[in-house]
6 protein chains.
Amino acid sequence: MPSAPDRIRELEHAIDGVVQSYEGTLEINNLESAALPNKRAVVLALNHLKPLIYMGFYSQRALSRDNLRYGVSEHMYPAYEALVEQIARAVSYEATFRSGPSHAPGWSGDVVLRLLGRLKELRQVLNADVIAAYEGDPAATSIEEIVFSYPAVEAITTHRIAHALHQEGVPIIPRIMAYHAHERTGIDIHPGATIDAGFFMDHGTGVVIGETAHLGKNVKIYQGVTIGALSTRRGDSVRPLPKKRHPTIEDDVTIYAGATILGGETVIGKGSVIGGNVWLTKSVEPYSKIFGRAKEVD
Amino acid sequence: MPSAPDRIRELEHAIDGVVQSYEGTLEINNLESAALPNKRAVVLALNHLKPLIYMGFYSQRALSRDNLRYGVSEHMYPAYEALVEQIARAVSYEATFRSGPSHAPGWSGDVVLRLLGRLKELRQVLNADVIAAYEGDPAATSIEEIVFSYPAVEAITTHRIAHALHQEGVPIIPRIMAYHAHERTGIDIHPGATIDAGFFMDHGTGVVIGETAHLGKNVKIYQGVTIGALSTRRGDSVRPLPKKRHPTIEDDVTIYAGATILGGETVIGKGSVIGGNVWLTKSVEPYSKIFGRAKEVD
Amino acid sequence: MPSAPDRIRELEHAIDGVVQSYEGTLEINNLESAALPNKRAVVLALNHLKPLIYMGFYSQRALSRDNLRYGVSEHMYPAYEALVEQIARAVSYEATFRSGPSHAPGWSGDVVLRLLGRLKELRQVLNADVIAAYEGDPAATSIEEIVFSYPAVEAITTHRIAHALHQEGVPIIPRIMAYHAHERTGIDIHPGATIDAGFFMDHGTGVVIGETAHLGKNVKIYQGVTIGALSTRRGDSVRPLPKKRHPTIEDDVTIYAGATILGGETVIGKGSVIGGNVWLTKSVEPYSKIFGRAKEVD
Amino acid sequence: MPSAPDRIRELEHAIDGVVQSYEGTLEINNLESAALPNKRAVVLALNHLKPLIYMGFYSQRALSRDNLRYGVSEHMYPAYEALVEQIARAVSYEATFRSGPSHAPGWSGDVVLRLLGRLKELRQVLNADVIAAYEGDPAATSIEEIVFSYPAVEAITTHRIAHALHQEGVPIIPRIMAYHAHERTGIDIHPGATIDAGFFMDHGTGVVIGETAHLGKNVKIYQGVTIGALSTRRGDSVRPLPKKRHPTIEDDVTIYAGATILGGETVIGKGSVIGGNVWLTKSVEPYSKIFGRAKEVD
Amino acid sequence: MPSAPDRIRELEHAIDGVVQSYEGTLEINNLESAALPNKRAVVLALNHLKPLIYMGFYSQRALSRDNLRYGVSEHMYPAYEALVEQIARAVSYEATFRSGPSHAPGWSGDVVLRLLGRLKELRQVLNADVIAAYEGDPAATSIEEIVFSYPAVEAITTHRIAHALHQEGVPIIPRIMAYHAHERTGIDIHPGATIDAGFFMDHGTGVVIGETAHLGKNVKIYQGVTIGALSTRRGDSVRPLPKKRHPTIEDDVTIYAGATILGGETVIGKGSVIGGNVWLTKSVEPYSKIFGRAKEVD
Amino acid sequence: MPSAPDRIRELEHAIDGVVQSYEGTLEINNLESAALPNKRAVVLALNHLKPLIYMGFYSQRALSRDNLRYGVSEHMYPAYEALVEQIARAVSYEATFRSGPSHAPGWSGDVVLRLLGRLKELRQVLNADVIAAYEGDPAATSIEEIVFSYPAVEAITTHRIAHALHQEGVPIIPRIMAYHAHERTGIDIHPGATIDAGFFMDHGTGVVIGETAHLGKNVKIYQGVTIGALSTRRGDSVRPLPKKRHPTIEDDVTIYAGATILGGETVIGKGSVIGGNVWLTKSVEPYSKIFGRAKEVD
């Protein structure tokens, strides 16, 4: 239904208004940001990396040892192409507009080839995560069910890829990946967090894991657990932020729903169990069992 | 932007690496899983079942008693076709690779026809859920607003479909449906949970309801409520898991935001009100009012 | 795989069943709702409004002062067209079927032109929100990262648009927008809530902000914070609901993860800090620091 | 690959040039033509009308007497909707900008309902065309092959629909349909041409049939046949064009490849056979056999 | 724009009319034809076969010896899958409804594997066709231009594939392929025609080559040439059609635009040149030069 | 329907066969051609250029002087981007693999800007073509009908764009454009042909116009007319082809259906009329009327 001519004139005035609003000094007026990476392409790359890891679960085609190589190529090429282009955009943007480091022309290709070269190893770690989910949730009836329908698998798979790129110093892209996983699962893991194998988050909604957190092997957490920072101001040259602002969770720790653990010097000792809704800002010894009781009515 | 020949060679090496990584014994190396159901098709089926239930709210076309049958057919056929195929895949996979029961060839068609035959009844129950949402949220201005924009409606509609298939013994598909609802609403209801009519979850983000939970009529819960299990280890032949691991919530119970109720023998008596953030692992009498106070500052 | 003729007959019976189920008096049997707005079109409009606000971050094309006007037009026209049509549908539905107010024929066009005319001003407020996120999260490395990957930006941008339409008295559409943001971020803000500039929600999952809440400048909240109502019954002519049912949060307040603040007369005084998981139903003085301690184990 | 800023400036100059070129008096400068029908929608309607006629050949779904009505509805609704809208646009354009007749508001709906009501009858005529093709081409092995892969079927089906609308006085739309068939088959039949049942064009490429041509029953023609006008000037008030400018071909005539038959008073008598490449501008008796020989070398 | 209720009723009547029209005995009332192959899938298969033949001309990705195998697999798998399914449909339809031969279950897979196994050989023949086009058209500036923009290449490539399937006895599919090429090029070659290597059709529009025609090596023809049958009646048991109804064109013959050559016993001897618009129904000696002159005015 | 493992093995053998077939010396084995332009992108560019010329006929949106500039920008930007990229590919391919001329890096941008700068002038010429069609076909009822449904307009519009690029020395792209028009209209005009304003081709199927043809103002031709070359051998250094190989048609000439005019020295004098199916290889005086009569039977 075409609009009447006078409406067109009013609309053109509204356009003028928005155009003029880009003339001021707002941070969001930056027009150079058009050179930034493209979210959709980053998500596309992720969606090609996942089948590489869980081929049998994603393929629409019968697979055998004979055609496995084709199945892998089919996802490797587009993943490579999309990631190289988006990383190149991110890096060039940082170098041009935000005094980021200058990289050699082929750097983004090198980074992606290193990531793809590490998939073999990531598959081992993620297999341990899948097993941990199976062992950790009595309601799970098969490995297939876990790969297909556990937000924990979606979130940790994306995190391990994003973390690998974050370690390489790739800007922006790892955060876009983390945000994508957050949108789909309600689980917010900063790409900087270091998480060892056998990690499981049951249900997962509301989980937050901060940039400098370290989680050991076979850690299990429930929905709504925060592993966060105490200090939330931005550092400056006078009072720089400490490098480690988020807790260390040692091997075999279990943290129940809604617990909050804060602070870069907080260490949850190996094998500890932290109860639901507990609020912790100091370290606990290995094999501690920490339960708040105040609100439990029994 | 085509890549240079030497890049192609390196990429082909990375492909070899991933292909070789499928030769070991990782659980995720299973190539047979290509015979598994397809998530996208399951979601497509769901997206045709919803208009059957809330026809007037989804139709892009004027409806009257005259063309209602066409409107219903238009969604029934594709829902039937997609579900029959996906259930057949799931069942055949279970039978072939995981010693699941063998079903007669037409079994998946029978199951889907029974589900479609029950839509009439599901519509009555879901209507009660919609009314419960309208009565339970003073901010709601119309039934239309609730069907259109309440995560509770999205989640409980999907649950009632997934639960019907779960009761039939359909593998995997109900979990895929539940995960889809979880992704979109932040509400995680296991398809096994039994939930009576008139159920409302306000806001909903972070709600978790376990496999063997039973919720009576007119239960109302808020965001972040967990109705979960105490024991989280996987059972085995020596110490089998109890069949009922999640609570029973009787009719007319209200549970406020963030409350956690755990255990298969825990019964929340009819008409009780459970306060926000309360942590409960034992039964409470009918008409109890349980409020934690420890953290309230007043 | 076409179904056999006898299956077709059974399926046609199931169709009859569903058709008959629309003959009763269920609220969800309303067939007139086909005249309701279309969710997809509302989301499309939102997806054209965002680039208008953050042009440089969304454009796939190099931008300069020379072609900025084209970039703006490219999104303004489809946003205008989609919104005018959907608002017209919503308003006409309300007027026809729910005794909503009758508006002049061009009303929806007027409303949209007013919204578009206010984008200039909304951009200023949202810029302050983006800056607040940058200042409030030490892990953020750039403005670009915030616009690209912070759920808070997604949620508050959508809210400011939905709120503007809610203020104009547009029915249903603002709720569809809010639900869309809720789905993507886990943040549930009622379009009626009034929120001043410089608002930041870190992580965000599980945040709930009620219809009559008012938040002042530079408020910062964390995941799982509820700013809700005490009374949750639906008002009637005998006991009408109070107009203000949700709290007032004054300027410069910080509320940590999982805190719950309830009640229309509850005022959190300027500059206060509310601790994690705190449960508050009464007002606190300016510059209060309220921390629950009961469950903290230290 | 974003363009450099100076390129943007040059491009903006080119835009200015084109914009200015719309200020003159060229016929193609008419901006009102945006209210014209949309080709794509007209083709969409055609693509829904064809399955109504040849249901069994187009359905992707098993058909039986039980679900036939659904199959018909599935195409009838979108065909109706698309045609009503496009005819309304065409008629309103003619009335507003070209002093076309004013029609009552529901006129385009009436026309489409009449067309749809005549489908029953069109199906009988087209069945005769299909049979004629089968009888007329020894290479055809089945009716199915003819419906699927004979340009004659594509062209005559489209013509019979376009002709029905042309008879109703619908402007522009019938020509768009005819052009679409021309593009796909190389057969150019003016929507005004009257063609009786049992018509077959073998191969078809290059066939031209003019506006006032009349073809009787069971006419068979080959590729490259022209049934055209002698006079090709546009008439005016002094020398109006004769109403009938194209030949009459009586029943059971066969015209071989490349023959050209011209003139409104030219009548090819019943049962005649016209040889390949023959050029005819005068009538021939019934049962004539006309062969040119000049170029035959034997 | 939703239609009014009374319009819906009229439309439902039109639907009834069409449904009833399927109750008679028209040939096009056949509902079983829903089991027929799907045109779109056949075209999809063709569009995967062409890149296999002209890989370098179609690939969007840099190719080298290293990734060529991936490039081939990428098109071979979907071509195989689409063809096997469509051929199986065609064969099963013929067997069930038209007393066609019964084939073993894997027959369609065998046929497709044989076709794919012959691609190596087809590529040699088509290379000769491409060279013939380059040599035969002085306006061609490169092989690339010919593969990209010569209808002859489109048509002969499709023909060689369709002919291979026709030789295998595959029903319907070859005709669908031929029709697709006809639509795009105006060139109508029956899949039964036997055409040796080095075949070129300049411009091509209007070319017709019949089912039992045989063309030798290095034949060159121009637009509008017909190589057709004299007799066009359908044979029966009393007067069966001769097996060979279309001409034989020996090696190195050139036929200029618009020439018509008819009859199963007509042989155009090696090296002959047939002039434009010539009409021939008898054989000519090798190295003949046949030119009609009648209409030339000089 | 996944294939069985043994089928996969056979298919992999077929893949090996095709891969090996690329090892020989066939011209179509060239793998570098992957750097060639992309047909789809060229067609996309054409589809953006047409609305620039006939804006009012293509716009889906109400147009006025106020938003015309936006409408123009909306097509100019994507046309520019697609053409620059494809021309750059074509030129770089020619320079790298076929010793084509080396152009400065910005050359393709310059060429496209020149083309876009000439649109103003092309619109004048095409307007004359449209008027010529209106005057020349008594069946045309409006300018709108001509722009919408005359193959002549499609073909000449594409030709004038392709010719402009051909004059600039752009390789391959003009031929791709010409082929696209040929596919859709059956009209084959070489991009090198020079055609003055006011050109009309009635019906058009089968028209062929050669590379060095020159057509004056207000030429009108009918379906099946060839304006071609006498000599069709490829030139070489000993016997180079003459530069002008196709006829000159002077102003105001009319050529009826199926006529063939050949030879670079053939000149059809101003105002001549050439009859249907006439075959001409020598020049004719101005105002000649040439009709063959041999096959006319009257």
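These legends describe close-up views of a predicted model.

**View 1. Chain A and chain B are related by rotation.**
A rotation of 120° superposes chain A on chain B. The shift along the axis is 0.0 Å, and the RMSD is 0.0 Å. The two copies are thus related as by a three-fold rotation axis. Their contact surfaces are different: 12% of the contact residues of chain A recur in chain B.

**View 2. The contact between chain A and chain B.**
Here 59 residues of chain A are in contact with 54 residues of chain B. Several helices of chain A each supply at least two residues to the side that touches chain B. They are H3 (55–58), H4 (68–97), H5 (107–117), H6 (119–136), H7 (143–149) and H9 (173–185). Which helix gives the largest share of this side of chain A? H6(A) does, with 10 residues. By class, the side of chain A that touches chain B has 25 nonpolar, 22 polar and 12 charged residues.

**View 3. H6(A) packs against H8(A).**
The partner of H6(A) in this view is helix H8 of chain A, residues 151–167. The two axes come within 11 Å and cross at roughly 160°. Angles over 145 degrees count as roughly antiparallel, and that makes H6(A) roughly antiparallel to H8(A). The crossing of H6(A) and H8(A) is right-handed. From H6(A), the contact takes Leu122(A), Val125(A), Leu126(A), Asp129(A), Val130(A) and Ala133(A). From H8(A) come Ala152(A), Val153(A), Ile156(A), Thr157(A) and Arg160(A). Eight residues of this contact are nonpolar, one is polar and two are charged.

**View 4. H2(C) packs against H8(C).**
Helix H2 of chain C covers residues 39–53, and helix H8 of chain C covers residues 151–167. Their axes lie 11 Å apart, at an angle of about 110°. How are H2(C) and H8(C) set relative to each other, roughly parallel or roughly perpendicular? Angles of 65 to 115 degrees count as roughly perpendicular, and H2(C) and H8(C) are therefore roughly perpendicular. On the H2(C) side, the contact is made by Leu46(C), Leu49(C), Lys50(C) and Ile53(C). These meet Thr157(C), Thr158(C) and Ile161(C) in H8(C). The contact of H2(C) with H8(C) has four nonpolar residues, two polar and one charged.

**View 5. A sheet of four strands in chain B.**
Four strands of chain B form an open sheet. Their order is S2-S5-S8-S11, and the pairing is parallel. Strand S2 (194–195) and strand S11 (267–268) of chain B stand at the edges. Each has a single partner strand, so one side of each is left without a neighbour in the sheet. S2(B) is joined by two bridges to strand S5 of chain B, residues 214–215. S2(B) and S5(B) run parallel. Within this pair, Ile195(B) stands opposite Leu215(B) in S5(B).

**View 6. A sheet of five strands in chain F.**
This open sheet of chain F has five strands. The order is S1-S4-S7-S10-S13, with parallel pairing. The edges are strand S1 (188–189) and strand S13 (279–280) of chain F. Each edge strand has a single partner, so one side of each has no neighbour in the sheet. Which strand is joined to S13(F) by two bridges? It is strand S10 of chain F, residues 260–262, and S10(F) and S13(F) run parallel. Ile261(F) has Leu280(F) in S13(F) as its bridge partner.

Methods: Residues are numbered from 1 along each chain as its sequence is written. Chains are lettered from A and ligands numbered from 1 in the order in which they are written. This is a predicted model: local features need pLDDT of at least 70, side-chain atom pairs count only at pLDDT 80 or more; totals for chains, interfaces and linings use all residues. Copies are superposed by least squares on the C-alpha atoms of residues with pLDDT of at least 70 in both. Two residues are in contact if their C-beta atoms, placed from the backbone, lie within 7 Å. Ala, Val, Leu, Ile, Met, Phe, Trp, Tyr, Cys and Pro count as nonpolar, Asp, Glu, Lys and Arg as charged, and the others, Gly among them, as polar. Two strands pair if DSSP finds at least two bridges between them. Axes are lines fitted to C-alpha atoms, for helices over the stretch in contact, and angles run from 0 to 180 degrees between N-to-C directions. Angles under 35 degrees count as roughly parallel, over 145 as roughly antiparallel, 65 to 115 as roughly perpendicular and the rest as oblique. A crossing is left-handed if the near helix is turned anticlockwise from the far one by less than a right angle, and right-handed if clockwise.
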